[in-house]
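Here's a quick briefing to read alongside the structure. Have the sequence and the 3D view open as you go.

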Amino acid sequence: MTQLNLSHYFLLAMPDMQDPYFARSVVYILEHDSNGAFGLIINKPVATKISEVVEQLDISVPEDWQDRPVLYGGPVSTEQGFVLFETEENDGQISGSNKVAITTSIDALNTIMHIDNQQFLLCMGYAGWGPGQLERELQENGWLTVEADLKILFMTPTDNKYNQALKKLGIDPAMMSNTGGRV
């Protein structure tokens with residue numbers, strides 16, 4: 001049996017998901033293999049702005065990033081910051097795929113923020129699944145999956161990412177049912 005690999009996919013929470021951490025979430029999956037899955041929720045802003053976080057790190061914030069929100073990346077290690085960004089190369093300090101990388105380095109964040117037209121998200125915490133856990137949740141109709149889209153990931157307003165990802169699947173959000181198709 002072939003191992004399911006959802007790396008560089010979005011997970012979209014089904015409308016009936018009751019888990020407060022994941023309801024209406026879009027999760028970008030960075031890694032998925034037989035050991036489990038690792039991803040970041042990309043559509044849930046927290047009250048903190050990027051400028052507030054980086055001021056504490058003694059980093060200057062370019063004006064166009066001052067009011068951007070920090071995102072709730074998931075319920076694991078919520079004190080840890082993760083920078084998700086577009087890249088052309090992997091220098092060994094970052095991991096990712098399909099021109100998307102992640103880092104926890106403060107120096108890398110400082111560099112990324114000062115590159116013209118650089119797209120990035122700053123997330124606090126991450127979402128993680130143990131071996132077979134995500135596959136079970138998919139079987140139980142907890143998630144829809146769709147290949148990730150850089151435009152949705154980095155350029156779509158946070159409050160519209162869920163609907164845009166559903167539309168990528170050809171689904172009108174207004175027509176979604178709260179129940180899945182499998183019994």
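Predicted model: local features only at pLDDT ≥ 70, side-chain atom pairs only at ≥ 80, totals over all residues.

**Strand 3 and a glutamine**

Residues are numbered from 1 along each chain as its sequence is written, and side-chain values use heavy atoms, leaving out hydrogens and water.

- Strands (E, at least two residues) and helices (H or I, at least four) are DSSP runs, numbered from the N terminus.
- Strands count as paired if DSSP finds at least two bridges between them.
- Strand 2 (residues 26-33) runs antiparallel to strand 3, with six bridges joining them.
- A hairpin takes you from strand 2 to strand 3 through two residues.
- Strand 9 (residues 120-129) is also antiparallel to strand 3, joined by three bridges, and its tryptophan 129 stands opposite alanine 37.

**How covered is strand 3?**

- Six of the six residues of strand 3 (residues 36-41) are buried, so the strand is largely enclosed by the rest of the structure.
- Buried means under 20% relative accessible area, exposed means over 50%, and partly exposed is in between (1.4 Å probe, protein chains only).
- Both faces are covered: Gly36, Phe38 and Leu40 are buried on one side, and Ala37, Gly39 and Ile41 on the other.

**Glutamine 118**

- You'll find glutamine 118 in the loop between helix 2 (106-113) and strand 9.
- Glutamine 118 is buried, at 12% relative accessible area.
- Leaving aside residues up to four places away in sequence, glutamine 118 touches Trp65, Phe85, Glu86 and Ile112; contact means heavy atoms within 4.5 Å.
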